[in-house]
Amino acid sequence: MCGICGKLVWNDPRGVSEQLVRDMSAVLAHRGPDGSGEHLWNDTTVAIGLGHRRLSIIDLSDAGRQPMSNESGTIWVVHNGEIYNFRELRAELETFGYRFHSKTDTEVIVHAYEKWGTSCVERLQGMFAFAVWDQPRRRLFIARDRVGIKPLYYSARPDSLLFASELKALMQDPTLDTQMDDSALDRYLAFGYVPSPDTIFPSVKKLPPAHVLTWEDGRVRIEPYWRFRPADDTAPEKSDGEWLDEFESVLERAVARQMVSDVPLGAFLSGGIDSSLIVWMMSRSSELPVRSFTVGFDKQSWSESRYARLVAREFGTRHREHDIAPDAMEILPKLVWHLDEPFGDSSILPTYYVSKMTRQEVTVALSGDGGDELFAGYTRYQGERLSNIFRRFPGWVRSGVVSTLRSAPLARTASGRRLGTVLANAELDFVSRYRNKQSLGSPTTRMELYADDFRDNLSATIDPLDELFASVSERDFIDRLTTFDMEFYLPNDMLVKVDRMSMASSLEVRVPFLDETVIEVASRIPNRLKLRNFTTKYLLRKMAAKVLPPEIWRRGKQGFGVPIQSWFRGELVDAARDMLLDRQTLNRGFFARAGLEKLLQRHESGTGDYGHLIFALMSFEIWNRVFIDKRGA
């Protein structure tokens with residue numbers, strides 16, 4: 001993997017500072033510790049500086065250095081990621097007379113742009129963010145992969161354009177406006193992240209997945225080139241077995257081509273269905289034992305280590321484990337620095353530790369991310385099906401059941417509260433049900449936390465879910481939820497977490513389930529093979545049943561998280577109180593002491609489950625100390 005950055009200015013005789021490009025590149029060194037490079041060019045009206053940090057994966061020679069250009073030096077590119085079909089594209093381009101001087105996928109981008117212009121992105125299969133400077137046309141062209149595996153931030157101003165793999169690189173420019181967006185804080189506490197295309201700073205945006213940015217003549221144009229859409233049910237009917245065979249074949253080919261590497265390669269193995277299937281297919285494509293890595297916890301009810309061991313034994317992998325304890329939270333300032341923006345998903349902790357352990361032995365790892373999003377793997381799919389069934393009962397029956405659940409002993413348990421919430425939310429419309437399910441804190445809870453002045457000044461914003469759900473409003477609930485997961489949850493949460501935490505250790509992570517060829521087949525598979533009654537990932541379980549122990553494929557969804565609810569009722573009670581009720585935290589003016597104390601007390605007493613929200617609040621305060629107070633990581 002790599003890091004890219006750059007600055008474009010126009011009608012400014014000062015041009016672009018070479019030192020700024022180097023500073024931007026230096027702060028991305030963890031993304032590419034194997035080398036760096038810069039390219040600066042200017043004429044009387046336009047100037048550009050490109051920077052690159054290299055993590056050598058394919059063609060380790062100096063021929064793979066970036067920025068890279070064509071033979072005439074008129075087309076320059078900086079690239080982060082991997083183009084998996086670069087060999088096929090290279091062969092095609094050679095038939096048109098293009099010559100190659102390296103074995104890299106980056107050189108394919110150079111000549112693909114020369115041949116097909118900006119439409120070249122539609123031919124690329126992989127995970128990528130790249131920028132092309134077309135000197136003759138005075139055009140900057142930036143593209144991001146279809147599902148957002150690789151990041152790209154930018155800041156467009158009247159006389160300049162900044163871009164980089166990470167926000168902290170843009171912050172090296174002293175002219176960048178880093179005033180925080182108050183409404184972004186509210187969205188952060190709703191979702192656990194600031195949804196794309198926005199960031200915590202109004203002056204900076206994320207380029208959305210499957211979009212391109214083109215600058216010409218002082219104007220920036222942003223356009224989509226692809227969208228995920230489940231296929232209509234008018235596709236030719238196939239048997240369950242035929243669908244299983246087709247999907248197994250395409251996934252196996254994706255795994256094989258993502259194993260292409262000139263450096264050591266391994267796999268994340270959680271013990272769940274998705275990562276176990278990836279390891280199985282890797283073992284079939286490798287002459288040597290697969291190297292597998294997992295993390296666990298002292299609390300056995302949360303640890304998946306025993307399941308990972310079962311899979312490792314089944315396929316004879318070289319397996320390593322690492323246990324995480326509550327004191328792992330001490331690393332949070334470092335992780336916040338790598339994340340750039342406030343981020344409230346506590347699974348950054350196991351992701352960081354498994355990445356750090358994995359990097360000690362390999363440079364590339366394959367993961368099972370994407371299986372849940374493509375095959376209805378989350379419990380919210382079961383909850384939505386239950387809601388649909390529950391709404392068929394008469395209103396008086398529904399009211400009675402909800403009232404009983406709220407007063408019964410079951411209401412004092414986490415599972416009882418979740419069931420009560422699902423049934424109570426069944427009365428709401430689809431979007432409201434989903435918003436409540438996904439929210440770290442309800443609007444009422446968030447408003448209770450805010451200081452009076454902050455709450456009064458908080459402007460209403462458009463919920464990013466409204467537009468997304470409107471575009472699939474006529475679909476069945478599985479199509480609607482998978483579209484949300486692929487276009488919203490996956491690129492804003494799961495892929496951010498994996499990219500930043502793996503890059504913190506200079507580890508490249510590849511995701512075969514999100515290969516374009518796999519997505520195309522998965523989008524055509526009927527929903528009956530995704531959610532069968534209340535069984536999630538039905539097709540993947542059928543595949544797993546052929547090769548994995550029953551303990552693996554019969555398991556329910558556990559998730560790659562940490563026991564955050566119990567930690568904030570036990571070992572981390574004092575740590576949460578010390579930080580959130582600290583004078584420095586309160587003096588920022590965002591939160592009211594009474595609201596924070598109420599939230600902490602309710603969680604500690606077990607009358608509510610707010611562990612994830614508490615973690616998000618702590619992460620936000622640490623972000624302020626690292627980036628606003630500039631205490632460092």
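Me: Which residue's side chain does the side chain of His52 meet in a polar contact?

Reply: In this predicted model, the partner is Gln66, and the two side chains are joined by a polar contact of 3.3 Å.

Me: Where is His52 found?

Reply: His52 is found in strand E3.

Me: Is His52 buried or exposed, and why?

Reply: Buried means under 20% relative accessible area. His52 counts as buried because its relative accessibility is 0%.

Me: Which backbone oxygen does the His52 side chain reach?

Reply: That of His79, at 3.2 Å. Leaving out residues up to four places away in sequence, His52 also touches a range of others, including Cys2, Ser25, Gly35, Pro67 and Val78. Gln66 and His79 are on that contact list too.

Me: How should I read the empty space in a model?

Reply: Rolling a probe the size of a water molecule over the atoms shows where empty space is left. Here the structure holds 6 cavities of 30 Å³ or more.

Me: What lines the second largest cavity?

Reply: This cavity has a volume of about 90 Å³. Its lining includes Tyr153, Tyr193, Lys206, Glu341, Phe343 and Asn492. By class, that lining divides into 7 nonpolar, 1 polar and 2 charged residues.

Me: Now the packed parts. Which residues have the most contacts inside the largest nonpolar core?

Reply: A nonpolar core is a set of buried nonpolar residues joined through side-chain atoms within 4.5 Å. The largest one here has 179 residues, and Phe247 and Phe591 have the most contacts inside it. Helix H19, residues 477-503, gives the most to this core, with 14 residues.

Me: What is Phe247 in contact with, leaving aside neighbours within four places in sequence?

Reply: Its contacts include two further phenylalanines, Phe375 and Phe513. Among the others are Val518, Ile525, Leu539 and Met543.

Me: Which residues belong to the other core, apart from this one?

Reply: That core has 21 residues, among them Leu50, Leu140, Tyr154 and Leu207.

Definitions and conventions:
Residues are numbered from 1 along each chain as its sequence is written. This is a predicted model: local features need pLDDT of at least 70, side-chain atom pairs count only at pLDDT 80 or more; totals for chains, interfaces and linings use all residues. Side-chain values use heavy atoms; hydrogens and water are left out. On a 1 Å grid over the protein atoms alone, a cavity is a set of points where a 1.4 Å probe fits but cannot get out, and a pocket is an open set with protein on both sides within 12 Å along at least five of seven lines; lining residues have an atom within 4 Å of a point. Grid points are joined across faces, edges and corners, and a volume is the space filled by probe spheres set on the points. Ala, Val, Leu, Ile, Met, Phe, Trp, Tyr, Cys and Pro count as nonpolar, Asp, Glu, Lys and Arg as charged, and the others, Gly among them, as polar. Buried means under 20% relative accessible area, exposed over 50%, partly exposed in between (1.4 Å probe, protein chains only). Helices (H or I, at least four residues) and strands (E, at least two) are DSSP runs, numbered from the N terminus. Contact means heavy atoms within 4.5 Å. A polar contact is a pair of N or O atoms within 3.5 Å; within protein, one must be able to donate a hydrogen and the other to accept it, and residues adjacent in sequence count only if both atoms are side-chain atoms.
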